[in-house]
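Okay, thanks everyone. I'll take a few minutes to walk through one model, and you can follow along on the screen.

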Amino acid sequence: MPTPAHALTSEEIALIRSTFAAAAKQPDATAALFYAKLFTLDPSLRGLFHGDMRAMGEKFISMLAMVAANLSHLDRLLPTVRQLGERHAGYRVQDAHYVTVGAALLAALAENLGPAWSPAAHTAWSKAYDLLSSTMIEAAHQAAQKKAS
């Protein structure tokens, strides 16, 4: 279960929802910007992505929408996030990659939203991403332990 450090206030949840709504007005551009930032930060990550990048971008935006909609219902959100972490373990995603993904996400949102991106939005998204990434990493580790035994 999330630690107090991950606890989001109702104001932070509202800010995530409003900034996501603004970014989601141009979902293809938001996703493309995210992947451009990701591959600029770590070009080696491109090798983990196979197939239609537009379809992956759609999945990425859909996942962000699900997260934004359910941040106040962690009992609904975290099981899905755990499953995602388990799947990502099978894609050779390493713990360190989550740091890069977080940086790419924040940079893409900041660029996409321009003046609507604030220090408070950065903090809220950072806290939410920390919760999600730590949940995914934990699930990936548990899946690897089960597979090894």
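Before anything else, one cut-off: I call a residue buried when its relative accessible area is under 20%, exposed when it is over 50%, and partly exposed in between. And keep in mind that this is a predicted model.

So, with that in hand, take methionine 136, which sits in helix H6. Its relative accessibility is 10%, so methionine 136 counts as buried. What does methionine 136 touch, not counting residues up to four places away in sequence? The list is Val81, Leu84, Gly85, His88 and Tyr98.

Phenylalanine 34 takes us over to H2, where it's one of the buried residues. As for geometry, H2 has 15 residues and spans 21 Å from first C-alpha to last, close to the 21 Å expected at 1.5 Å a residue.

Okay, charges. Side chains of opposite charge can pair when their charged atoms come close. How many salt bridges do we get here? The count comes to five, and I'll show you three of those.

First up, aspartate 28 with arginine 54: the closest N and O atoms are 2.9 Å apart. Aspartate 28 is in helix H2 (residues 27-41) and arginine 54 is in helix H3 (residues 53-70), so this pair ties together parts that lie 26 residues apart in sequence. Aspartate 28 itself is partly exposed, at 39% relative accessible area.

Arginine 54 also bridges to glutamate 58, with 3.8 Å between the closest N and O atoms. Those two are four residues apart in helix H3, so about one helical turn separates them. Glutamate 58 comes out at 41% relative accessibility, so that's partly exposed.

Next, arginine 82 and glutamate 138, whose side chains meet at 3.4 Å, N to O. Here arginine 82 belongs to helix H4 (residues 74-90) and glutamate 138 to helix H6 (residues 119-148), so the pair ties together parts 56 residues apart in sequence. Both ends are partly exposed: arginine 82 at 22%, and glutamate 138 at 41%.

One last thing on the bridges: shared partners join Asp28, Arg54 and Glu58 into one network. That's it from me, happy to take questions.

Technical notes
Residues are numbered from 1 along each chain as its sequence is written. This is a predicted model: local features need pLDDT of at least 70, side-chain atom pairs count only at pLDDT 80 or more; totals for chains, interfaces and linings use all residues. Side-chain values use heavy atoms; hydrogens and water are left out. A salt bridge is a side-chain nitrogen of Lys or Arg within 4 Å of a carboxyl oxygen of Asp or Glu. Buried means under 20% relative accessible area, exposed over 50%, partly exposed in between (1.4 Å probe, protein chains only). The expected span of a helix is 1.5 Å times one less than its number of residues. Contact means heavy atoms within 4.5 Å.
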